[in-house]
Amino acid sequence: MPKKVAIIGIGITPFKARYLDKTYFELAYDATKLAFEDANKNGAEITHKNLQSTVYGIYNELFERQFMPDIFINSYLGMNNKSGTRIATGGATGGYTVRMAYAEVASGISDLSLCLGVEKCNDCYDEQTGTTTPEVLNAIAYSADMTYEYPMGMMAASSYVTMVNAHFEEFGNPTEEQMALVSVKNHGNAINNPKAQSPMKITVEDVMNSRIICYPFKMLDCCLYSEASAALILANEQKVKELKVENPIWITGVGAANTDCFIGNREDMGRLYSNIYAAKAAYKMAGLDYDKIKDQIDCAELHDAFSGQEVISYEELGFVPFGEGGKWIESGGPFMDGEIPCCPCGGLIGCGHAVGATGIMSTGEAALQLRGDAGKHQLMTIEKGRAISHSIGGPGAAYAAVIVMANEEGVKKP
Amino acid sequence: MSEKFEDHQIRDKIQIDYKYTMGGQSKFFIELMKNKKLHGTKCTKCGKIWMPPRKNCSECYTPAEWVEISHTGTIEVSTIVWYGAAEFIKNVPYGCGFIKLDGVDTALFQGIFSENLVPSKIKKGRRVRAVFKKPDEREGKMTDFFFVPEDEYEIWANKPEFEGGE
Ligand SMILES: [Zn+2]
């Protein structure tokens, strides 16, 4: 029987374009310290000495300019002589890291674990343009198959846009305006998140008029790359009692799936089966229904690397039937006062995308919502006491992970 | 008393040279480079044709054998890239997408060139045909060829730097 696992500490650094005053291991230290402060706010005295293992989420060696960056973080965090394992699953690194840290505690091989994500991309620098982004994109582009796809210009945007364009061919949506609504929503939500990189009050027209990146994605349809770290402290039920944790958020479902990384091998290019299988597995474990999930959760932190792909995720995660994602955002479904608020923190588009940290930040953010501790972007209605976080990544978004969380202690009125 | 922070940045570059083997897929690249032929593989059990080729069928765990593939196919999905990695910024805008070559079960990612590069010209369902670099320019790499809309084939095949397949 797996042990029950709770999130008892959450630490998220600000998401910023560039930290000139911190290295990746210094950022990791900051998030870890914030997670201890959160876990100890009611008088517990957890330190790194109490942690039995760490699972690290770090996507890209070329960003960190270091192979095995986890072992250098392990040293800086004072975590020597304990297990430390790194997960690297592209944009889904965070979600997969939560899943593996969950597994360590649920299995009983650790009672108290750290789940830590960090990424620092903007040390990459393109000397020709004197900017960071083209070189950051180069370091990411090596995620595509290096022989058959990379040489012809397969990149993050041209890979993700494929699913969205194929979906459009099948269903006639999402339209460019429907996609733009995701950008309006997520940049807008970020205004109330002091840790967000891109808070902006914008209109659909602003998005439509922003420069074209990869047809039909425009600049404001895309997330920005960020530097940040996020940490969660996970504990089993016995530790939760011992430490007298007042607001544990239980991880009740974890699901992950890898679909074919060669998009051309997929029978249906307009659908991300990784999302569908990950969601179904996570919901099933949590005792929820894929077909009724809309009535069973309060909110969702989604992986909105690109606006159009958030729209198709509504369908793949079971919020609405296939082909109705575009209509759902037009009707306000994923907005803060909608049926399932999606990305209350601003998501990747509003808060930022610090790859290894992102899915851990979104899991932490969903947990904060359930605790009623999200601050200015706290939702007014948390009734079911359940939320999900969602991560995707890799070539053609082949990796996906979904985490279901629950507040079983009763919801504090925000 | 807090000291004013001053950052220090170090310029650096990581570079590794390779001469890597394509192993069981080598024939695809040799035929492409020498003979302008496209070779896929056909599973000896289920008959599925793989492109890019794989010497073993991932569904049946059975060997797959080489088969010559048509130079024509249909666009499944495409895009036009206007901004990107440092490596490709010099090429923008460029078209690319997944092409199902006639008779093949999977779709191949490739560049899609057009005299009039607009989304409608390279959209789903458009027929395309392969155009190749000249023999002394071909290196046995995916960049040895690209696709063009069938109605532009003669234009592209007659450009001095390219040639059609036979
Ligand atoms: Zn087979």
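Reply: Helices (H or I, at least four residues) and strands (E, at least two) are DSSP runs, numbered from the N terminus. Residues are numbered from 1 along each chain as its sequence is written, while chains are lettered from A and ligands numbered from 1 in the order in which they are written. The model is predicted, with local features needing pLDDT of at least 70, side-chain atom pairs pLDDT 80 or more, and totals for chains, interfaces and linings using all residues; side-chain values use heavy atoms, without hydrogens and water.

Me: Where is N81(A) placed by that rule?

Reply: N81(A) lies in the loop between α3 (69-76) and β3 (83-87) of chain A. Its phi is positive, about 70°, although N81(A) is not a glycine.

Me: Which atoms are the protein donors of the zinc ion?

Reply: Donors are N, O and S atoms within 2.8 Å of the metal (3.2 Å for Na, K and Ca); water is not among the atoms, so sites may look incomplete. The SG atoms of C43(B), C46(B), C57(B) and C60(B) lie 2.3 Å from the zinc ion, and therefore count as donors. Along the chain their spacing is C-x2-C-x10-C-x2-C.

Me: Why is the site of the zinc ion called tetrahedral?

Reply: Four donors count as tetrahedral if all angles lie between 85 and 135 degrees. The angles among the four donor atoms are 102 to 116°, so the site is tetrahedral. The ideal angle for four tetrahedral donors is 109.5 degrees.

Me: Which residues does a cis peptide bond join in chain B?

Reply: The bond joins M51(B) and P52(B), with omega about 0°. P52(B) is in the loop between β2 (49-50) and β3 (56-57) of chain B. In chain A, a cis peptide bond joins Y215(A) and P216(A), again with omega about 0°.

How values were computed:
Tetrahedral: all angles 85-135°; square planar, octahedral: opposite > 155°, others 65-115°.
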